[in-house]
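Hello,

Here is the structure I promised to pass on. Please open it first, then read the notes below.

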Amino acid sequence: MKIVVAIKQVPERDAQICIDAAGKWIVESGLQYALNESDAYALEEALQLKERHGGEVIVVSAGPERVGSTIREALAKGADRAIHIDCDDLGSSDPLGVARLLAAAVKPESPDLLLTGLQSEDLGLGQTGVIVAELLGLPHATLILHVEKTETGLKVKRELEEGWFQTVELPTPAVLTIQSGGNKLRYATLMGIKRAKTKEVRRVAAAELAVEAAPVVLLERVTLPQKQKSTQILPGTAKEAAAALVEKLKFEVRVL
Amino acid sequence: MSGVLVIVEQHAGRIARISWEAVAAAQKLAALQGLPVRAAIVGAQTESLAAEVAAQLPGKVVRVDHPLLAQYTADGFTLALEQLIRAERPDYVVLPHTYQVRDYAPALAARLGQVLISDVVDLGEGPVFTRQLLQGRLNGVYRHTGTGPCFVSVQAGAFRPSDPDSTATPAEIAIFTPTLDPAQIRTIPCEPFRASSQSVDLGSAQLIVSVGRGIKDADNIPLVQELATALGAELAASRPICDSGWLPMERQVGSSGQTVSPKLYLAVGISGAIQHLVGMKGSQCIVAINKDPDAPIFEVADYGIVGDLFEVVPALTAAVRAAKV
């Protein structure tokens, strides 16, 4: 099975957020970046499918130079090669623009399966995989926890709301967006990290892919959220704060 | 037509609350833009549901009805709604941000050269649409700049459904029959199922202690279990804890787990991503213990302790035990 996994590099979850001078995004200098969590699960699913059925796992990622470190991480975990779509101005694109880049880069590979995480931790639009499927004319399923290969295609376990699930069958080639938690994530081994250095990373300039880039939706500005409630912060040492909280639980919340 | 088209979602013959919230968002948008609202309901036997919508929404309700829409498929819904939108030419299409909408609406928008502004929590003059970024730590204000319909999906709980106006004349109901061929539907959906009978009913728990990523390791779970035991509370968790297998899935609170509204919800090391908040923000009292003072959980908490949970939790367990003697 030839599997392409689209991955995204996102700011680390605990990163300190500071809005930039233009008020359009956060200050990126000094930020630490990581592989988007549900993309890590998509990669894991791809690696396990390859272990069961053979084939090749190719990762594709769009972004500036720094994205290279996340691509190397995916190669160290076991992906065979990578495509890095080089673009510095991804922030001004909308999901359709990004999906057009990914679709153009993936199309010549003609994979049997394209996997990606269900949504990114930074923008959280949750659309890239579905739009890529639409652009490539492939069937898709979203929020997938488990993938099984069948004679004719795939049988996948899809998550629904409130603890419900559904099995969906679909032919290949297909696009799946992967929900986190379906598998246990692997760590890169030392050997894997060493091997990753010699694996192929093909860099493609976004301009070479010649896709239409004019966005149809625009992130105009960013703001810090307003508190919905006034939180009473209980100060002091751990012991003092704990004692203050017990008072509140006893006399105001009345649960003790 | 021009106007605002709202897509009402049904499951097994029922209209969920989030669809009425989407109707409320559509009405707010329509009032801002001076446009009429229409609703569409998609399925195979939508007659009584359409009447239910028509009773609460002046204007027009369209039944997008076809035997091939009896069961949800992304292909069926995308094709049917594409045809409806091309025929009706709305300026705005408003949808509830459900798992189903997440499955087809991005493709539907893309097919019409548009991008869905997803998971919107507010809208205002412009119109501009606010959505959460970086797991709720930042808000982004979006504007539609393309020509063609603007697609928006709204987050659960973000818009308050208006009370039905019993004096209003019920909406006119129209039928739209899309052209669909079974060969166009490429996926085969099976009946939804539950993984196992749920033995833990967090929904009826009065006190809940819930643990998140901040606990760092499975070996540290007993620390929080002890606090729960001292309080006489049920132990629950955010998604990453259950994903890692540290606690069973049936203890998960959030959009993909259980929705709870206990008297006390004590969140330990939970940052408060929106997927978690939707499952617990109805709690009567929320207490958060987190080392990050900017964590979104503090936006909904009544009481907060900013500190290292590995110091605060044992101190709290001891204080609770002492108080109960």
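How far apart do the C-alpha centres of domain 1 of chain A and domain 2 of chain A lie? The answer is 44 Å. Bear in mind that this is a predicted model. Domain 1 of chain A covers residues 2-209. Domain 2 of chain A covers residues 232-256.

Next, the contact between the chains. Chain A puts in 69 residues. Chain B puts in 74 residues. On the side of chain B that touches chain A, the most comes from helix H8 of chain B (residues 309-324), with 8 residues. That side of chain B can also be split by class: 37 residues are nonpolar, 20 are polar and 17 are charged.

Strand E9 of chain A (residues 164-171) pairs with strand E13 of chain B (residues 193-194). The sense is antiparallel, and the pairing runs over 2 bridges. To find the place, go to A:Trp164, which stands opposite B:Arg194 in E13 of chain B.

Last, a loop residue in chain A. A:Ser230 sits in the loop between strand E12 (217-223) and strand E13 (232-233) of chain A. Is A:Ser230 buried or exposed? A:Ser230 has 8 other C-beta atoms within 10 Å. A residue counts as exposed at 12 or fewer, so A:Ser230 is exposed.

Best wishes

Definitions and conventions
Residues are numbered from 1 along each chain as its sequence is written. Chains are lettered from A and ligands numbered from 1 in the order in which they are written. This is a predicted model: local features need pLDDT of at least 70, side-chain atom pairs count only at pLDDT 80 or more; totals for chains, interfaces and linings use all residues. Domain bounds come from an automatic or database domain assignment. Two residues are in contact if their C-beta atoms, placed from the backbone, lie within 7 Å. Helices (H or I, at least four residues) and strands (E, at least two) are DSSP runs, numbered from the N terminus. Ala, Val, Leu, Ile, Met, Phe, Trp, Tyr, Cys and Pro count as nonpolar, Asp, Glu, Lys and Arg as charged, and the others, Gly among them, as polar. Two strands pair if DSSP finds at least two bridges between them. A residue is buried if 20 or more other C-beta atoms lie within 10 Å of its own, exposed if 12 or fewer, and partly exposed in between; C-beta atoms are placed from the backbone.
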